[in-house]
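Dear colleague,

I am passing on the structure we spoke about, and below it I have set out what I found. Please read the notes with the coordinates open beside them.

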Amino acid sequence: MSLMKEIRQYPVEKNSVAMWWLGQSGYIFKTSEGTLTSVDMYLTDSCAALVPGMNFSRKVPVLIQPEELDVDIYTCTHNHQDHTDPFTVRGLRNKDTAHFVGPHPSCEVYRAENVESGRIVPTWPQRELELRDVKITGTFALPTDDSDLNHMGFVYQFGGGPRIYVTGDTDFSELLFSVEKQKPDIVITVINGGFNNLSHWEAAEVCGKIKPKVAIPCHYDMFPDNSIDPKQFKATLGLRAPDVPYHELRHGEPFLFRK
Ligand SMILES: [Fe+2]
């Protein structure tokens, strides 16, 4: 069975959320009502030749082809191609049924790739949206370079139950600690500082302030020239946030979280 079909059939009880990692910052979340929300789907190899001299060929297989992807809410944190991939958006078949959420530069990509304008929902830090049974609150993120100055993260609340904070790409700032007020159950964080994102050390500090029930590393797995061993984050979390459990997801395998 294809992964997309598996996800559609996977049962989720009330006050729970199921999630699947597709690589980099790309996740699909499923509520008990069956709503599927994606974040930062990178389902092509379009970054391979993006930066001369750097190896950005994808290491993780494409687990769902863009043409097969069938989610209700498509979100992107910012307009870098490993997060808002125009080639992934181009291949989607549900451009007239899903909601497409993101900061304005991501919305420009949606528009350029023929998503119906009525389906596009611009958002920004502190904006709260309710789409189906998912509440999406924009969070602060500090841009990592001047190629895009509109980074953000999201806190998703699924069916009035679990809350997940996805940092998006962000440099370190104490303003990231403000997400603590939203009491996320899970933090999904970047941990590789090579391109000025949070390092594993900084990510652990953020988790220590926010105190989620689970910390999940992301963004370290996709590109040969932007990889680190997630156990670096595990080690630092043990030192800087010993009360926050570490959890490493495996690509394409479900992780069910009960509140
Ligand atoms: Fe990135």
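A nonpolar core is taken here as a set of buried Ala, Val, Leu, Ile, Met, Phe, Trp, Tyr and Cys residues joined through C-beta atoms within 7 Å. Please keep in mind throughout that this is a predicted model. The largest such core holds 61 residues, and of these Tyr27, Ile28, Ile188 and Cys207 touch the most other members. Strand 1, which covers residues 16–23, gives the most to this core, with 6 residues.

Turning to the sheet, 6 strands form an open arrangement in the order 7-8-9-10-11-12, with mixed pairing. Its edges are strand 7 (128–131) and strand 12 (214–218), each of which pairs on one side only, and the twist from one strand to the next averages 20°.

With strand 9 (residues 152–158) it runs antiparallel, joined by 4 bridges, and Phe154 stands opposite Val166 of strand 10. These two strands form a hairpin with 4 residues between them, and Gly159 in the turn has a positive phi of about 55°. Strand 10 and strand 11, by contrast, run parallel and are joined by 3 bridges, with Ile186 in strand 11 as the bridge partner of Ile164. From strand 10, Arg163 and Tyr165 point one way and Ile164 and Val166 the other, yet all of them are buried.

Strand 11 (residues 186–190) also pairs with strand 12, in the parallel sense and over 5 bridges, and here Ile188 stands opposite Ile216. Leaving aside neighbours within four places in sequence, Ile188 is in contact with Tyr27, Ile164, Tyr165, Val166, Thr167, Ile216 and Cys218.

Finally, a word on Phe29, which has its place in strand 2 (residues 26–30). Why does Phe29 count as buried? Because Phe29 has 25 C-beta neighbours inside 10 Å, where the cut-off for a buried residue is 20 or more. Beyond four places in sequence, the contacts of Phe29 are Val17, Met19, Thr37, Tyr156, Phe158 and Ile164. The C-alpha atoms of Phe29 and Val39, which are 10 residues apart along the chain, are separated by 8.5 Å.

With best wishes

Definitions and conventions:
Residues numbered from 1 in each chain as written. Predicted model: local features only at pLDDT ≥ 70, side-chain atom pairs only at ≥ 80, totals over all residues. Pairing = 2+ DSSP bridges. Axes fitted to C-alpha atoms, helices over the stretch in contact; angles between N-to-C directions. Buried ≥ 20, exposed ≤ 12 C-beta atoms within 10 Å, placed from the backbone. Contact = placed C-beta atoms within 7 Å.
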